[in-house]
Amino acid sequence: MSVPVSVSAGSPSDLPRGMALLRDPLLNKGTAFTEEERDALGLRGFLPAHVFSMQAQADRVMANLRGLTSDLAKYVALNELHDRNEALFFRVVSDNIDEIQPLIYTPTVGLACQRFGYIFQRPRGLFIGPNDRGHIAELLNNWPYPAKLIVVTDGERILGLGDLGANGMGIPVGKLSLYSACAGVHPELCLPVMLDVGTNNEALLNDPYYIGLRQRRLGGAAYDELVDEFMTAAREVFPGVLIQFEDFANHSAFRLLQKYRDKACVFNDDIQGTAAVALAGLLSALRATGGNLNDQRLLFLGAGEAATGIADLVVSAMMAQGASEAEALRRNWLVDSRGLVVKNRPGLSEHKLRYAHEQAPIGDFLTAIRTLKPTAIIGVAAVGGAFTPEVLQAMTEINDRPIVFALSNPTSKSECSAEEAYRHTEGRALFACGSPYDPVQLNGKTLVPRQGNNSYIFPGVGLGAIASGARLVTDEMFMAAAYTLAHLVDEADILQGSLYPALPRIREVSAHIGAAVAEVAYRRGLATGHVPNDLIGHVQSQMYDPHY
Ligand SMILES: O=C([O-])CC(=O)C(=O)O
Ligand SMILES: [Mg+2]
């Protein structure tokens, strides 16, 4: 007899029985409970006669899903399955990751967050707000599972969609689903957290179905104190927990990372995860162009978390290959809403200063391309359509194989589509995108764009940090993750224009990234316990496999 493995439940006699068992998503198997289990667990009479295999259940889920016509309806159906039977949900997601990732993650999760109040059924995770001050540890203690991994947001910058307040809870939930599906972090170890500090989104404040606190955002010291109480309480209640900051606005994201990175096991996915996935894509693109990293010139459209995160990691990689810091910095340029970021521009925020070079001001992206002659353009400003045909043609005039990364999410915010990228560069672009695009046929050739999305990176990084009991998450770990990911791209991928491995290989990818991250943790004395002989075996042995 086997019910899904629980990491928190005690002996089998402590497990719920009867109706309570059917209603526990971590243990429920629905119509797959065997005759023997139906007798032993008090289930007789609750279930129809036929005993289904897990495969038959999974096939039925997929058939039903494919019968639905809207992506939002599919999101809701998958959410319901998640609430009913976790093992089956993760089986279905893992076995059909190409088809389902876009439904539980970008782009559909963006729409789901915008509609969150309307599709809300059961809560998942913890909502913490200003009224909980002084009691956050108690609140965390209400959580019935032993969290080892928290994804936390305050909803102020959800994907490229802006302030969605408490509706942004869809993001921690979606990211944690990918942790379990893509890297086998056990679902019981995963805790989504929404710091609901209000919203400045007027439409939501006036929406009768808005689920969050109906007040404007908390700011200043009160905000910092709330975050700090949460950080302290989380580490007290769940010792060693890894905390991922997600979709905070720039003004909070850099500050919070700076404040906690040397004292707690934290990272910011939008800064560091995005950086690693972009560096990996760049390394793959260089296999196609035959160029050297240290000869590249990168022009970013955007100057926020993703842009400076990527630029910082690229600078470190260039320095590791022999460039001086000054040389490496000058190979990275930022364009924001006010034009090229240059030294003499007044009022630059701190995170942009490293990339404010000596240069006459330039007002627009196209002129910046013509002046600076980049080898790569990287879109991270959430301005949909910003890579116009003129921009793409200009890149093609300068480069034999222009590198074009349209990383903004969801699809509506993408700088250009895959089709546009290839069509306006005569099929020469080395393209990556934040949200998924289908293959493109051009001049008798099939080009297969892959997602330059941090979902290739964060699941493996979290797995490695947890498997090694890491005390901190460092930039060196993200560097190792980026090189590991790039190494897993094979020649056939490169030939068809794919800069990342195929998504169905994601569990293998995450295991290797996990081992690379754990290796850094052990080597730097940041791990807990002894170095295992077989690191990848050790990491793989901790991966949750969704079977009954
Ligand atoms: O969630 C994604 O697709 C990538 C990401 O972190 C973001 O865009 O904020
Ligand atoms: Mg994000």
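Helices (H or I, at least four residues) and strands (E, at least two) are DSSP runs, numbered from the N terminus. This is a predicted model, in which local features need pLDDT of at least 70, side-chain atom pairs count only at pLDDT 80 or more, and totals for chains, interfaces and linings use all residues. Residues are numbered from 1 along each chain as its sequence is written, while chains are lettered from A and ligands numbered from 1 in the order in which they are written.

**Exercise 1. The annotated active site**

Find the residues that UniProt marks as "active site", and describe where they sit.

Solution. 
- Step 1. The unreviewed UniProt entry gives Tyr105 and Lys175. UniProt positions follow the numbering used here, feature names are shortened, and annotations may be inferred rather than shown by experiment.
- Step 2. The two span 71 residues in sequence, yet no two of their C-alpha atoms are more than 7.2 Å apart, so they gather at one spot.
- Step 3. Tyr105 is in the loop between helix 6 (97-104) and helix 7 (108-114). Lys175 belongs to helix 10 (residues 170-183).
- Step 4. Now test burial. A residue is buried if 20 or more other C-beta atoms lie within 10 Å of its own, exposed if 12 or fewer, and partly exposed in between; C-beta atoms are placed from the backbone. Tyr105 has 29 C-beta neighbours inside 10 Å, so it counts as buried. Lys175 has 27, so it is buried too.
- Step 5. List contacts (C-beta atoms, placed from the backbone, within 7 Å). Not counting residues up to four places away in sequence, Tyr105 touches Gly174, Leu178 and Ser455. With its neighbours within four places left aside, Lys175 is in contact with Val151, Glu246 and Phe458.

**Exercise 2. The shell around ligand 1**

Solution. 
- Step 1. Take residues whose C-beta atom, placed from the backbone, lies within 6 Å of the molecule. They are Thr106, Leu159, Asp247, Asp269, Asp270, Asn409, Gly434, Asn453 and Asn454.
- Step 2. Sort them by class. Ala, Val, Leu, Ile, Met, Phe, Trp, Tyr, Cys and Pro count as nonpolar, Asp, Glu, Lys and Arg as charged, and the others, Gly among them, as polar. The shell has one nonpolar, five polar and three charged residues.
- Step 3. Check the domains, whose bounds come from an automatic or database domain assignment. Domain 2 (103-264) and domain 3 (272-455) both give residues to the shell, so ligand 1 lies between them.
- Step 4. Look at the backbone. Thr106 is joined to Pro107 by a cis peptide bond, with omega about 10°. Asn409 and Pro410 are also joined by a cis peptide bond, with omega about -15°. Pro107 is in the loop between helix 6 and helix 7, and Pro410 is in the loop between strand 10 (403-406) and helix 19 (418-423).

**Exercise 3. Positive phi**

Are Lys373 and Ala382 buried or partly exposed?

Solution. 
- Step 1. Lys373 is not a glycine, but its phi is positive, about 50°. Ala382, also a residue other than glycine, has a positive phi near 55°.
- Step 2. Lys373 lies in the loop between helix 17 (365-372) and strand 9 (376-379). Ala382 lies in the loop between strand 9 and helix 18 (389-398).
- Step 3. Lys373 has 14 C-beta neighbours inside 10 Å, so it counts as partly exposed. Ala382 has 24, so it counts as buried.

Methods:
Contact = placed C-beta atoms within 7 Å.
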